[in-house]
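Subject: Structure handover

Hello,

Please find the structure below, with the sequence. My notes on it come after.

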Amino acid sequence: MKTRRSLLSTLILLLLVAVGPVWGQTLAPAVPAPVVTKSTLVIVIQGTVNGPPESVPFSGKVQIKATAVTDPDFGGQPSVHLAIDFLDVQGLGATTRTKFFAVEEDELMRRLVASDRIDLVFTIVPDKGTVELATVRTGLASLTLTFDGAGNLTAGTGSITNNPFAPNL
Amino acid sequence: MRVYLPGKASKARLREAENARRNRAEILKAWSTGKVSRRELIKMGLFTAGGVLAYKNGLSPFAPSAYGAIPTGLPTSPLFGVNAFTQPMPRFDVLPRNPVATLNPAPTAEANTTQQLLNTALEGVRPGDTGPIEGRPPGPIWAHQGFNVFAPVVAVAVTQEGAKVNNVYNPGVTSPFNSGINAAAPFPPRFHPNLPDQNALKLWTFNGTLPPKLLIGRYGEPILFRHHNKLPFDVTQNGGFGRHTISTHEHNGHHGAENDGFTGAFFFPGQFYDYHYPIVLAGFRTINTAATDARAGSPNDAGGISKVAGDFHETMSTHWFHDHMFSFTSQNVYKGNAGMFNIYSSLDRGNEGINDGVNLRLPSGTAKSFANLEYDVNLLLADKAWDANGQLAMDIFDFDGFLGDVMTVNLVYKPFFEVERRKYRFRILNASVSRFFKIALSDGGPVFQIANDGNLLPNRVLLTELDEQGIAERYDIVIDFSRYSVNDKVWMVNLAEHSDGKRVANDLTLAEGLSGQSADPCVGKFLEFRVVRDPATPDVSQVPVTLIPNPNLAHVPVARQRIFEFGRGAGQTTNDPVSTFFGPWGIKTDNGDMLAADFGRISAAPRFGTREIWTLKNGGGGWDHPIHIHFEECQTLARDGSAANVPAWELGRKDVWRLRPGGSVTITMQFRDWGGMFMEHCHNTVHEDNAMLLRWEIDDGGAPFLRPLPTPIPTPQGVTFEPPTDILPTAF
């Protein structure tokens, strides 16, 4: 309660004090601009999604566009925006030899750290025929991304496994 | 840094934080009662130079604690033992559509200036004073444009008032499609059946009730939306936050400015404001003027199409409406001034069964000719907080942005929703103050995103998680629950982790989001889907690969380009007591000074009938801004200077863009059909209110209006007009 009383007293006191003109034609100092570092990496990814109706071994490439940004204004931790896009990741069904594509496009804002592991669920769609939500299968892509001190994406690895969140779908 | 104190924090630390919250509330009370202005608070040194509340113990809950060195936050909202997913999610409350003849007085083209005796509790009102019954600015400039050509056909009358029990809830569907809710039973103003009723000063909603309201409209059927302000006459009766003057923005209606909810065209308790929504396709004056294209049409009551003029590529679907009161939007929207608006068209019929070659047959239902809601579900997402008594609470002094610690869907705490094994459309609105979301299903299940900001995309997009969704963005998605078995459950999950209101700190992976390890209490599961049965009839809905292609702008020359930079450290060059505001945030126009908001200042004035290209830049790396441009939908040309950086779900039309830290977005927009003054602002409404907002207007060359337009200055006794306080050198 002591704090509250002193605050109100301060408010009233300051209200009674007519300070000189501080309003109008007020322009604040410029805020320091952030450093933006852009880099792009294409990594190889492969692995198998097992389970019914058939297992599918996938291989292909994943493009990652990284934009690291500093925060000189608040002194906060740098962030990195990741635009992740699967490029022609495909496989043949082990039983039917049906051609499937692994499809994923995502954008994430992450805290910039030296090594970041990102797991993404992706969809598996047939090369031919219509895509129906009811039957689309999913898998999991695990990416490990390495950044240098300036925020450049310098290396990455990727692997594919089953989607652990939907083991029966 | 934790946004909220952990539940295991010591009693002393909790008490300290609660005292800080009360101290801040007292400052607010002093401000709202007129004992102190925001400017004076800044002059007093209670705000830092940057406009942030002084970082001192006993005042800022974020200041280092006397009991520990780690900055913490507000006490967690008490849940009174309530568990997640123990109440059904209510569908929206559909607003009655009545004949215009039911309105008394009848609507008029110019504002109705019939005088009434004013309540002396209103600020600046003396005994015997009178003022107009309608708060719309008077005269020809603010008259409804096209009022005779697009004469209103449907009247929707609403009030804004304090919380009360809803005895007329109309979900638009039967109980089985509303998770078993009995709509005939009184619906109390609570976030959960076992949480307290909200006080009438804490929760201010449309008609004073929950659930949130849904407006139903269709192209070619103009609506007269009469909004009565029944909030307290006394400005101090606000429950600690919120302003009793309001201005209602139909986001993102293609209407004349008099119906846009201009931030300076607010109205007072005891008044109404008639908003005239013509519901036209953009380009109606120059494209398909003879109304011969069935794709430009409205669903009629016989199941057919009534053709309308305009460009079918401009068809819109999912809007919302909310307060836009200058400097108080965040508080008023947080208090409940937000509803949704479904617009139906020949393409997006709201009837999945009609197979006429035009109807896209999106999930909806079949019983009515249009606007079937059984499988077309509005979701209003918002984070909230409440005090020790369970009453809605808000920290208005956190200029970074306000975050709640409790997730609500359709204004109830973490509900469940019963679904059938078939396809559903969800129209997801982020109605938060400062929080972004990133949504996925708990099993990583696939969805089709079909619309962005109310615009059906050129092509559906197959995703396992959505992009970040900034404040005011609308994402329409389709989920097919036939993937699951009866009695299965799957959850909607939020993966966007905040540590403050400036931006998302980390977009989590699904495993991280489901781990329960995040310090952000709004990360993780927030809506439970319960698969309860098979549909009674086969699912005939479709999700076509191609939806609505973009308008072709190749033949429309670009008249000019402008640059807007959004950042911190704004100054103020004007000092009108009504139209100016000072805050830490601001906007640079065309590389000029970073300026704080003044709705009397004209920052841009595109010529009527032209197209321009605008680049929106984020000037900082520590924050993000969801920037909203009023009036007409835009196409996104580039992100960070490259068209290749525009993701698939942003290839259609939009009206809100997250700029991302240090990022930029380039858009193109047309200025046609209607005139007047509009806005561009950050839709992190704390940023908007403090003071990241500008006015632009359509330059008609002085005819039929004026050049420049005078600024409305509302008072209870009537609206006066002033010349612009400032016109930036590159505006015209």
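Residues are numbered from 1 along each chain as its sequence is written, and chains are lettered from A and ligands numbered from 1 in the order in which they are written.

Chain A

A contact here means two residues whose C-beta atoms, placed from the backbone, lie within 7 Å. Where pLDDT is low, the predicted coordinates should not be read in detail.

Chain A has one helix and eight strands, in the order α-β-β-β-β-β-β-β-β along the sequence. Helices (H or I, at least four residues) and strands (E, at least two) are DSSP runs, numbered from the N terminus. Of the 169 residues in chain A, 34% are buried. Buried means that 20 or more other C-beta atoms lie within 10 Å of the residue's own, with C-beta atoms placed from the backbone. Among contacts in chain A between residues at least 6 apart in sequence, 57% join residues at least 24 apart.

Apart from neighbours within four places in sequence, B:Leu281 touches residues including B:Tyr219, B:Val308 and B:Phe312 by the contact criterion.

Strands of chain B

Strand β19 (residues 423-430) of chain B has eight of its eight residues buried, so it is largely enclosed by the rest of the structure. B:Lys423, B:Arg425, B:Arg427 and B:Leu429 point one way from β19(B), and B:Tyr424, B:Phe426, B:Ile428 and B:Asn430 point the other way. Two strands pair if DSSP finds at least two bridges between them. Strand β15 (residues 376-384) of chain B runs parallel to β19(B), with six bridges, and B:Leu381 stands opposite B:Asn430. Strand β24 (residues 474-480) of chain B runs antiparallel to β19(B), with seven bridges; there B:Ile428 stands opposite B:Tyr475.

An open sheet of five strands in chain B has the order β18-β28-β25-β20-β23, with mixed pairing. β18 (416-420) and β23 (465-469) of chain B are at the edges with a single partner strand each, so one side of each is left without a neighbour in the sheet. Within this sheet, β25 (residues 489-494) and β28 (residues 524-533) of chain B pair in the antiparallel sense over six bridges, and B:Val490 stands opposite B:Phe529.

A six-strand open sheet in chain B, also mixed, runs β37-β34-β39-β40-β32-β43. Its edge strands are β37 (656-658) and β43 (726-727) of chain B, each pairing on one side only. Three bridges hold the antiparallel pair β34 (residues 626-629) and β39 (residues 677-682) of chain B, where B:Ile629 stands opposite B:Glu680.

Regards

Technical notes. Predicted model: local features only at pLDDT ≥ 70, side-chain atom pairs only at ≥ 80, totals over all residues. Buried ≥ 20, exposed ≤ 12 C-beta atoms within 10 Å, placed from the backbone.
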